[in-house]
Amino acid sequence: MTSPAATLSWSSSSWLHSFGGCSNEASESSDKRLATVVIAQKKAKKTRKIILKEDMDYLGKKGQLLDVKAGYYRNYLLPMGKAQIVTPVLLKEMRMEEERIEAEKKRVKEEAQQLALMFETVGAFKVKRKGGKGKQIFGSVSAQDLVDIIKAQLQREVDKRIVALPEIRETGEYIAELKLHPEVTARVRLNVFAN
C-alpha cells in the first residue's frame, strides 16, 4: 500500500507533467511567485471640488469653493441644484465677476467721497424756525427737514435714513452726519435761527 504523501506528490507531479511543465522548473517558478509580497493600499477618497449656488447653513456661503464627497454631491447637492462641479471656465467666470464687483464697490465709494466733499464744502445749511422764549424754537429740526434743504439747495436726493441729527430744539449751529457709504460719512453744519 502506498502512503498518502507519496500519492499526493505523485499526483501533483503528474498534474504538472500533464500541462507540459517539468516538475523541478515548475516548482521553482511557482515558489518565486509565492514569494512576491502584495501590499494593499488604502481606498482612494472620492471627493469633488464644487461651488455652492446658494447659502447652506451647515456647508458654506454662496460662491464658496468646497471639497465634498462624491456621493453627497451626486445624491443631494446636484439634484437639489445647490452646487455645481468646478471647471476652469467656471473659475475664470468667478474671477471676472469678483473683479467686476470690486470695481463697482470702488466706484460707489469714490462717488460717496465726492458727494461728502461737496456737502462739507457747501458751508452751513440754514434752517428757519418760529422762535419762542430766548433761544428756543417751536418744534424741532428733523432729518426730513435737512433732506428737503439739501434737495432745494444742491438738487441732490438724499435718503433721510442716512441722516443722523442731534436733538435740535434751540437756535445755534449743529453738526449732522450723513452716512453715504459704510466707509464714508459726511459732516454737515446746520445753522438754526428763529424768524
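This is a predicted model: local features need pLDDT of at least 70, side-chain atom pairs count only at pLDDT 80 or more; totals for chains, interfaces and linings use all residues.
Figure 1. Strand β7 (residues 184-194) pairs with β6 in the antiparallel sense, over 9 bridges.

**Figure 2. The whole chain, for orientation.** The protein has 5 helices and 7 strands. Along the sequence these elements follow the pattern α-α-β-β-α-β-α-β-α-β-β-β. Of the 195 residues in the protein, 23% are buried. Among contacts with a separation of 6 or more, 45% come from residues 24 or more positions apart. The accessible surface of the protein comes to about 14900 Å², and carbon and sulfur atoms account for 54% of that surface.

**Figure 3. The largest nonpolar core.** This core has 24 residues. Which residues have the most contacts inside it? They are Phe 119, Leu 146, Leu 178 and Leu 190. The elements α4, β4, α5, β6 and β7 each give two or more residues to this core. Another core, of 8 residues, lies apart from the largest one and includes Met 56, Leu 66, Val 68 and Tyr 73. Beyond its neighbours up to four places away in sequence, Phe 119 touches Ile 150, Leu 154, Val 158, Leu 178, Leu 180, Ala 186 and Val 188.

Figure 4. Leu 178 is found in strand β6. Is this residue, Leu 178, buried or exposed? Its relative accessibility is 0%, so Leu 178 counts as buried. With residues up to four places away in sequence not counted, Leu 178 touches Phe 119, Leu 146, Ile 150, Val 158, Ile 162 and Val 163, and also Val 184, Thr 185, Ala 186 and Val 188. Val 163 is 15 residues from Leu 178 along the chain, and the C-alpha atoms of Leu 178 and Val 163 are separated by 4.7 Å.

**Figure 5. His 181 in strand β6.** His 181 lies in strand β6 and stands opposite Val 184 in β7. Its relative accessibility is 14%; because buried means under 20%, His 181 counts as buried. Which residues is His 181 in contact with, leaving aside its neighbours within four places in sequence? The contacts of His 181 are Lys 105, Val 108, Lys 109 and Ala 112.

Figure 6. Thr 171 sits in the loop between β5 (163-164) and β6 (172-181). Although placed in a loop, Thr 171 counts as buried, at 17% relative accessibility. Neighbours within four places in sequence aside, Thr 171 is in contact with Lys 135, Ile 137, Val 192, Phe 193 and Ala 194. Strand β7 covers residues 184-194.

**Figure 7. Gln 155 in the loop between α5 and β5.** Gln 155 is found in the loop between α5 and β5. What is the phi of Gln 155 near? Phi is near 55° for Gln 155, a positive value in a residue other than glycine. Most residues other than glycine have a negative phi. Gln 155 counts as exposed, with a relative accessibility of 60%.

Figure 8. The ring centres of Tyr 72 and Tyr 76 are 5.7 Å apart and the planes are at 20°, so the pair is stacked. Tyr 72 is partly exposed, with a relative accessible area of 28%. Tyr 76 is also partly exposed, its relative accessible area being 29%.

Key
Residues are numbered from 1 along each chain as its sequence is written. Side-chain values use heavy atoms; hydrogens and water are left out. Helices (H or I, at least four residues) and strands (E, at least two) are DSSP runs, numbered from the N terminus. Buried means under 20% relative accessible area, exposed over 50%, partly exposed in between (1.4 Å probe, protein chains only). Contact means heavy atoms within 4.5 Å. Two strands pair if DSSP finds at least two bridges between them. Accessible areas come from the Shrake-Rupley method with a 1.4 Å probe; for residues, only the protein chains shown count as cover. Rings of Phe, Tyr and Trp (its six-membered ring) pair if their centres lie within 6.5 Å; planes under 30 degrees apart count as stacked, over 60 as edge-to-face and the rest as tilted. A nonpolar core is a set of buried Ala, Val, Leu, Ile, Met, Phe, Trp, Tyr and Cys residues joined through side-chain atoms within 4.5 Å.
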